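Morning, everyone. Let's look at one structure together and walk through a few of its residues.

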Amino acid sequence: MDQAQRRMLGQPLSIPTTQPKKKRTSMMSFFSKVSWKLRLQKWETPKNVFFILAERARDPSARKRHMAMSGLGTMARETPDKVRKYKRIVLDLLVHGLYDPMSSEVTHESMKTLTIILGKTQGKGLGSFFIDITLQTRTLLDDENDSLRYSAFVLFGQLAAFAGRKWKKFFTSQVKQTQDSLLIHLQDKNPQVAKACKTTFRACSPYLRQRKEYSFQSEEDQRNPKLCRQLSHYHPELLQYFYANKIL
């Protein structure tokens, strides 16, 4: 073995450090989820993990905030009882994440975690957070980022399911203001977003019903002509669903 070969064997193999940004991010996200799952199962009590996440959710580093939101999502899946115990604090952290001015990744992770929590709690106990979540989610329905749009439609559909009597009037006004976005994104360039929009449109359909005090109008006058026109052209099956359920 010559001197050059010895020198090569004595050195560690060089590993390329320049991976595509998307791949690096997804790998970090994967290891982050695995790390938090291991802590939940083994190394830390859920209470300790929760307070670590709560601290990191307010960290100046967007990466740490993103990891915290992801960790809260893991907690919501793995230990939902613990999340219920600290629900008010968790919701406060997630709403702050939803309005994060610096990182769309933090906003996206917050939406995904809120979707998990709403599913686990059936939307109970949201209190005034319902307004904060609805208003910000509405603005994200038209975001240029496909992932944000998709998660926003999923979350908005869940809010429609859990509005209840308390927030019915408020949510009805929000749906009416969102009607154009719902119509536009039925034809979204991303098929997954279009599918999520269609599901959300159905979930929001009860809020599109005409109020009874306008019943003196003729049936034709009560119908929303713009909505009927666009649905009949692009989604006749949705229009048929609305007619069958006396929504239009």
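**A serine, its helix, and a phenylalanine**

Start with Ser181: its side chain makes a polar contact with the side chain of Asp142, at 2.7 Å. A polar contact is a pair of N or O atoms within 3.5 Å; within protein, one must be able to donate a hydrogen and the other to accept it, and residues adjacent in sequence count only if both atoms are side-chain atoms.

A word on the source. This is a predicted model, where local features need pLDDT of at least 70 and side-chain atom pairs count only at pLDDT 80 or more, while totals for chains, interfaces and linings use all residues. Residues are numbered from 1 along each chain as its sequence is written, and side-chain values use heavy atoms, with hydrogens and water left out.

Back to Ser181. Leaving aside neighbours within four places in sequence, Ser181 is in contact (heavy atoms within 4.5 Å) with Asp142 and Phe153. Is Ser181 buried or exposed? Buried, because its relative accessible area is 10%; the cut-offs are under 20% for buried, over 50% for exposed, partly exposed in between, with a 1.4 Å probe and protein chains only.

Ser181 is in helix α10. Helices here are DSSP runs of H or I, at least four residues, numbered from the N terminus. Other buried residues in α10 include Phe170, Val175 and Leu182. The helix has a kink of about 50 degrees, centred on Thr178. That bend is the angle between axes fitted to the seven residues ending there and the seven starting there.

Now Phe50, in helix α3, residues 46-56. Phe50 counts as buried, because its relative accessibility is 1%. Beyond neighbours within four places in sequence, its contacts include Leu72, Met75 and Tyr86.

Technical notes
Helices (H or I, at least four residues) and strands (E, at least two) are DSSP runs, numbered from the N terminus.
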